Amino acid sequence: MRGFDIIVRTPIYVGMKRMKMTTGALLGLLIAGMAHAQPASSLEGKIVRGQSGTVLGYVERVITRRDGTPAQVLVRPKGPAAAGPRSLAYKSLKLEGGDLTAPLTQAEFNAMPAVQVAPK
């Protein structure tokens, strides 16, 4: 039994165990990050719903960071074409089914100021 303890506690075994734990943790973070990551172009045109499921509008444009990840989403309100888009933080949106859900009510979304958008 004593020989078994010596084998189990060798530096190689301890190092392999740490490597497995580190690899598992990194893989978990990667999978969690991929669940929220979406290519910016795939978000354009998606419907954005409010807290109660009402349609607030659709994604007109996605503003990206230097690394290409989405930072802001410009949402064109459902309704008259004169209303400009509203800017929502991408981190605040959740992907549910094929639509995005914002943590806002219809009244809160309508009260947001419209942003001026330069043509693409």
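The model is predicted, so local features need pLDDT of at least 70, side-chain atom pairs count only at pLDDT 80 or more, and totals for chains, interfaces and linings use all residues. Residues are numbered from 1 along each chain as its sequence is written, and side-chain values use heavy atoms, with hydrogens and water left out.

**Strand β4**

- Strand β4 covers residues 86-89. Strands here are DSSP runs of E, at least two residues long, numbered from the N terminus.
- One face of β4 is covered and holds Arg86 and Leu88. The uncovered face holds Ser87 and Ala89.
- Strand β3 (residues 70-77) runs antiparallel to β4, and 4 bridges join them. Two strands pair if DSSP finds at least two bridges between them.
- Glutamine 72 has alanine 89 in β4 as its bridge partner.

**Arginine 86**

- Arginine 86 lies in strand β4.
- Arginine 86 is buried yet has no salt bridge. Buried means under 20% relative accessible area, exposed over 50%, and partly exposed in between, with a 1.4 Å probe and protein chains only.
- The nearest side chain of opposite charge is glutamate 60, 9.5 Å away. Lys and Arg count as positive and Asp and Glu as negative, while His and the chain ends are not counted.
- A polar atom of the arginine 86 side chain lies 3.0 Å from the backbone oxygen of methionine 112.
- For the backbone oxygen of asparagine 110, the distance to a polar atom of that arginine 86 side chain is 3.3 Å.
- Arginine 86 also lies over the face of phenylalanine 109, at 5.7 Å from the ring centre. A charge sits over a ring if NZ of Lys or CZ of Arg is within 6 Å of the ring centre and within 35 degrees of the ring normal.

**Salt bridges**

- The count comes to 2 salt bridges. Each needs a side-chain nitrogen of Lys or Arg within 4 Å of a carboxyl oxygen of Asp or Glu.
- Arginine 49 forms a salt bridge with aspartate 99, with the closest N and O atoms 2.8 Å apart. Arginine 49 is in strand β1 (residues 47-49) and aspartate 99 in strand β6 (residues 99-101), so the pair ties together parts 50 residues apart in sequence.
- Arginine 49 is partly exposed at 27% relative accessible area, while aspartate 99 counts as buried at 18%.
- Arginine 76 forms a salt bridge with glutamate 60, with the closest N and O atoms 2.6 Å apart. This pair links distant parts of the chain, 16 residues apart: arginine 76 in strand β3 and glutamate 60 in strand β2 (residues 55-64).
- Arginine 76 is buried at 18% relative accessible area, while glutamate 60 is partly exposed at 23%.

Methods:
Polar contact = N/O pair within 3.5 Å; in protein donor to acceptor, adjacent residues only side chain to side chain.
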